[in-house]
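I opened this notebook to record what I looked up, one entry at a time. The structure comes first, then my notes.

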Amino acid sequence: MTATTAYRPRRSVLYMPGSNERALEKAKTLPVDALILDLEDAVAPDAKEQARENACAAVRSGDYGRRELTIRVNGIGTQWHEDDLAAAAAAGPDAVVVPKVSSAAEVRQLVAALEAAGAPEHTKLWAMVETPVAMLHCEEIAAASERLTVLVMGTNDLAKELHAEHVPGRAPLLTGLGLCLLAARATGTVILDGVFNDVKDAEGFAAECLQGRQLGFDGKTLIHPGQVETCNATFAPSEAQVEEARGILAAWEQGAGAGVVTYNGRMIENLHVETAQRVLSTHEAIAGL
Ligand SMILES: CC(C)(COP(=O)(O)OP(=O)(O)OC[C@H]1O[C@@H](n2cnc3c(N)ncnc32)[C@H](O)[C@@H]1OP(=O)(O)O)[C@@H](O)C(=O)NCCC(=O)NCCSC(=O)C[C@H](O)C(=O)O
Ligand SMILES: [Mg+2]
């Protein structure tokens, strides 16, 4: 397994249309870990250029504080892609998010284009995986470049491509989600769950956040400010998890040198200690925000 870089909280990652100036303004006040200023599906064709200008101006403004700021460009092969990519690279966001990436060759092409456009070193590539072909090549995609740091699930496109339905529990999508999770963990890449479309269904949203965390996602992409709080709480270790992690580490230290100890009657080996350390470093990173 590739070494994972230092943990940065990406519990809540909110999309907003680059054309929606009110949303761009509101985002400055929201407790999100990251923002995706969208130029793709949320923006009508006649608003694409204005959205591009707004998104690049937002990045240059420096007004978004600790929030990671990214721009989602239109996909490879669209009439807007090259101009979007060049403008985003020049603005220098934390990442350029590219939809519908389907191969390692595309990742290398995108990285070369970012470099040719003079993107600063800190501007990473986030690849959206949202088609069957991407699911089947996800490990190669994730491993194709060190500049690619995050995989983002596109569950609306995936459902469309599969001819699947959006149902509670997401059974039709689980194979694709699982393949991408395997690829992310095998390559040390961060992975974000897809969006939940019904902004009024708080219960359904909470259930899907919990499922995403249990599956192993690092965070979830969102479409509405009303989804942020639940998402942040779900993707942070709970007090009980933090207490348990501390207890495991204490039990391990007391058993100094033993290959196995018990905590609350359960077997603890070094792999459980690593999980406990990860829980605590996640907790500390979130507390430090
Ligand atoms: C879904 C929405 C269209 C709903 O909009 P609206 O009905 O206007 O929401 P509200 O009236 O409840 O809004 C209340 C206030 O919050 C602000 N707001 C709303 N949404 C956002 C947002 N995303 N970011 C920031 N601020 C937001 C409103 O401006 C109101 O502010 P105020 O008046 O000052 O109180 C809308 O939420 C929306 O457009 N969401 C984002 C849609 C989007 O970006 N979609 C693209 C990504 S999803 C996707 O495609 C993933 C993937 O590719 C896949 O395939 O799955
Ligand atoms: Mg999509």
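Before placing any residue, I noted how elements are named: helices, of at least four residues, and strands, of at least two, are DSSP runs numbered from the N terminus. I also noted that this is a predicted model.

**Entry 1: glutamate 130.** I looked up where glutamate 130 sits. I found glutamate 130 in the loop between strand E5 (124-129) and helix H5 (132-136). Is glutamate 130 buried or exposed? A residue needs 20 or more other C-beta atoms within 10 Å to be buried. Glutamate 130 has 25 C-beta neighbours inside 10 Å, so I wrote it down as buried. Leaving out residues up to four places away in sequence, I listed Pro99, Lys100, Met153, Gly154, Asp157 and Leu158 as its contacts.

Entry 2: UniProt, in an unreviewed entry, lists Arg72 and Glu130 under "binding site". The two are spread over 59 residues of sequence, yet they cluster in space, with a largest C-alpha distance of 14.0 Å. I placed arginine 72 in strand E3. Arginine 72 has 27 other C-beta atoms within 10 Å, so it is buried. With residues up to four places away in sequence not counted, arginine 72 touches Ile36, Leu37, Asp38, Leu39, Glu40, Val97 and Pro99.

**Entry 3: ligand 1.** How many residues surround ligand 1? I read off 23, and the closest are Tyr15, Ala23, Ala42, Gly154 and Asn156. Strand E1 (12-17), helix H1 (21-26) and helix H7 (155-162) each give two or more residues to this shell. The largest share, four residues, comes from E1. By class, I noted 12 nonpolar, five polar and six charged residues around ligand 1.

**Entry 4: helix H3.** I turned to helix H3 (residues 81-91) and asked which of its residues are buried. They are Asp84, Leu85, Ala87, Ala88, Ala89 and Ala91. Their cover includes helix H2 (48-61), strand E3 (68-72), strand E4 (95-98) and helix H4 (104-116). Just after H3, I found glycine 92 with a positive phi of about 75 degrees.

**Entry 5: domains.** I checked the division of the protein: domain 1 covers 12-234 and domain 2 covers 239-287. Their C-alpha centres lie 33 Å apart. UniProt's unreviewed entry puts "domain: HpcH/HpaI aldolase/citrate lyase" at residues 11-225. I noted that span as 42% helix and 19% strand. The end C-alpha atoms of residues 11-225 lie 14 Å apart.

Terms used: Residues numbered from 1 in each chain as written. Chains lettered and ligands numbered in written order. Predicted model: local features only at pLDDT ≥ 70, side-chain atom pairs only at ≥ 80, totals over all residues. Buried ≥ 20, exposed ≤ 12 C-beta atoms within 10 Å, placed from the backbone. Contact = placed C-beta atoms within 7 Å. UniProt positions renumbered as here; feature names shortened; annotations may be inferred. Domains from an automatic or database assignment. Near = placed C-beta within 6 Å. Nonpolar A, V, L, I, M, F, W, Y, C, P; charged D, E, K, R; others polar.
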